[in-house]
Amino acid sequence: MIARLRRIPLIAWAPVLAFLTLTAWSFASPIGAGPDDDFHLVSSWCAGPTADRTCLPTESPREREVPAALDDIDCFAYDATRSAACQGDDWSWSVDELVVSERGNFIGAYPPVFYAVMGALSGDDIQLAALAMRLLTVVLFTGLLVALWMLLPEVLRGPLAWGWLITTVPLGVFLLGTNNPSAWAMIGVATSWLALLGWFQTPWATDRRRKLALGSLFVVTVLMAAGSRGDAALYAGFGMALVLVLTVPSRGGAWRPWLRDAVLPVVMGIVALVFFLSARQSQSGLGGFGGGTGAPGSLTGGAAGGATDPEAALTGFGLFAYNLLNVPFLWTGALGDWALGWLDTSMPAIVSAAAVAAFVVVGFAGIGRLWGRKAIVLAALVLVLIALPVYVLQAGGDVVGEQVQPRYILPLIIMLGGMLALTRTPRELTFTRAQRFALVAALAGAHFVALHLNIRRYVTGIDASGVNLDAGAEWWWAGPVGPTAVWLLGSLAYALLVWIVVRTLGRRTAQTPGMPITR
């Protein structure tokens, strides 16, 4: 038995470890802990089989009678000293007691796909159904990445793994363990461009099945992105455009197969545009930035450590200059500079310092493997990451720290991480043993601290302290596994995952020939 286990490649354990890590995050916070999860959970129940009992119409099209438990499921929000015990003290988990609420996707503010899929799991047991929804997202994420790893040419496996590894601690892993559609936006945007690039790189003549499988994954991931958030539909279309730039032929003889392959992204680009235009998010700001339709659009910046009153009074060029110079605060917000949850679970500086350091190390290594088209797509991505939030903030008269949150642009940041790791041949992005150790230590350490603090915030509130999360616990799930065990198991799984991925991708080995990105 042990001999058989030793023959299994280390990388084969990565999906199991990823699933365990995200499962730990799924249990690391109570139902309703994700930003605007009251809105999203109500929307899921209104799209599910119990809607005739749990989502009754009222005189206003903007309101419904919904379960009181769902409407006030975020009773702990904004007060980091208040544990999630209020969910048991303040009200019942029953779906029978109804209240009138306008917090839901009643006028089509968001695309319907996410709610339709999650709604299929809704039922009378709110906690069980919401947990099942979280775990479905974890399964989809793990399954899609495994499928892509197996189907993509070897030269694209590095961008797939590095892109997620250096951009998702702590905000990304937190969102993947919640009931927020931003999780699907991340998954769809950050995988669809790689599936499409693999589609272009795989020839029909020699590998028809692989090409069809990659095309199918591309369609599924675009639908996940466009069906979850309006802005994600735009991001998916932007990713398609960047892939077309990377693959457009530089010589006349390859135009015919390229044009034939380009039909798929053109069709899916139209589909994404239809989703964007049909969602009322597109009528407020840009694809959901900023709110204004009754949908959750923003949480203002006090909890994020954002603007102060003098800064908020800026106008004209002063406002533009302030936002332009401070927009990187939104980027690093995804890596720990902003609080998690309802912007009320702040991370210590060590989390953001370590996460940013890992991104910079891999990013600079990727810049060292630059060529013309890669430089173009990287420049375009960085320009959008600057221009989009600055435009939205300027239009609303807001400063960085208000309206636009890091999770809105996180799909683009993950795409940037993958684009930075693009190389022309496999195993081109390599590191010394000391560098690999530093990467593993930085990412695993940041995750270790972030997971502990996230659990602490809900188990007792941050006014308590100590390593042992079981001591004095005011809230936790029913079951034999306590919060400390979830923290340690999740941290160990992630540390092993990072070690395996970095060891597999970052070792200096003899280079093997790879299929060029361009035709």
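Over which residues does pLDDT stay under 50, with 36 contacts beyond four places in sequence? The stretch is residues 297-310 of this predicted model.

**Figure 1. Confidence along the predicted chain.** The mean pLDDT of the protein chain is 90, and 89% of its residues reach 70 or more. Residues 290-294 fall below 50, with twelve contacts beyond near neighbours in sequence. Residues 297-310 also stay under 50. Where pLDDT is low, the predicted coordinates should not be read in detail.

**Figure 2. The whole chain.** The protein chain holds 22 helices and three strands. It has 519 residues, and 56% of them count as buried. Among contacts with a separation of 6 or more, 81% join residues 24 or more positions apart. The chain exposes about 20,100 Å², with carbon and sulfur atoms supplying 65% of that area.

Figure 3. Helix H19 covers residues 372-396. Its end C-alpha atoms are 36 Å apart, which agrees with the 36 Å that its 25 residues should span at 1.5 Å a residue. Its buried residues include Arg-373, Lys-374, Leu-381, Leu-388 and Pro-389. The buried residues of H19 pack against helices H13 (230-247), H16 (316-326), H17 (328-337), H18 (349-367) and H20 (406-420). Just after H19, Gly-397 takes a positive phi of about 70 degrees.

**Figure 4. A nonpolar surface patch.** This patch of about 830 Å² includes Trp-13, Phe-19, Val-139, Leu-492 and Trp-499. Helix H2 (14-27) and helix H22 (483-506) each supply at least two of its residues. Val-139 lies in helix H8, residues 126-151. Val-139 is partly exposed, because its relative accessible area of 45% lies between the cut-offs of 20% and 50%.

**Figure 5. Salt bridges.** Side chains of opposite charge can pair when their charged atoms come close. The count here comes to nine salt bridges. Asp-261 pairs with Lys-211, with the closest N and O atoms 3.1 Å apart. This pair links distant parts of the chain: Asp-261 is in helix H14 (residues 255-278) and Lys-211 in helix H12 (residues 208-226), 50 residues apart. Asp-261 and Lys-211 are buried. Arg-229 bridges to Asp-231, the closest N and O atoms being 2.9 Å apart. Arg-229 is buried, at a relative accessible area of 2%. Asp-231 counts as buried too, at 2%. Arg-210 forms a salt bridge with Asp-207, with a closest N and O distance of 2.9 Å. Arg-210 is partly exposed at 29%, and Asp-207 is partly exposed at 27%. A network of salt bridges links Asp-36, Asp-38, Arg-103 and Arg-407.

Note on methods
Residues are numbered from 1 along each chain as its sequence is written. This is a predicted model: local features need pLDDT of at least 70, side-chain atom pairs count only at pLDDT 80 or more; totals for chains, interfaces and linings use all residues. Side-chain values use heavy atoms; hydrogens and water are left out. Patches are made of residues with over 30% relative accessible area and no salt bridge: like charges are joined within 9 Å, nonpolar side chains (Val, Leu, Ile, Met, Phe, Trp, Tyr) within 5 Å. Accessible areas come from the Shrake-Rupley method with a 1.4 Å probe; for residues, only the protein chains shown count as cover. A salt bridge is a side-chain nitrogen of Lys or Arg within 4 Å of a carboxyl oxygen of Asp or Glu. Helices (H or I, at least four residues) and strands (E, at least two) are DSSP runs, numbered from the N terminus. Buried means under 20% relative accessible area, exposed over 50%, partly exposed in between (1.4 Å probe, protein chains only). pLDDT is the predictor's confidence in each residue, from 0 to 100. Contact means heavy atoms within 4.5 Å. The expected span of a helix is 1.5 Å times one less than its number of residues.
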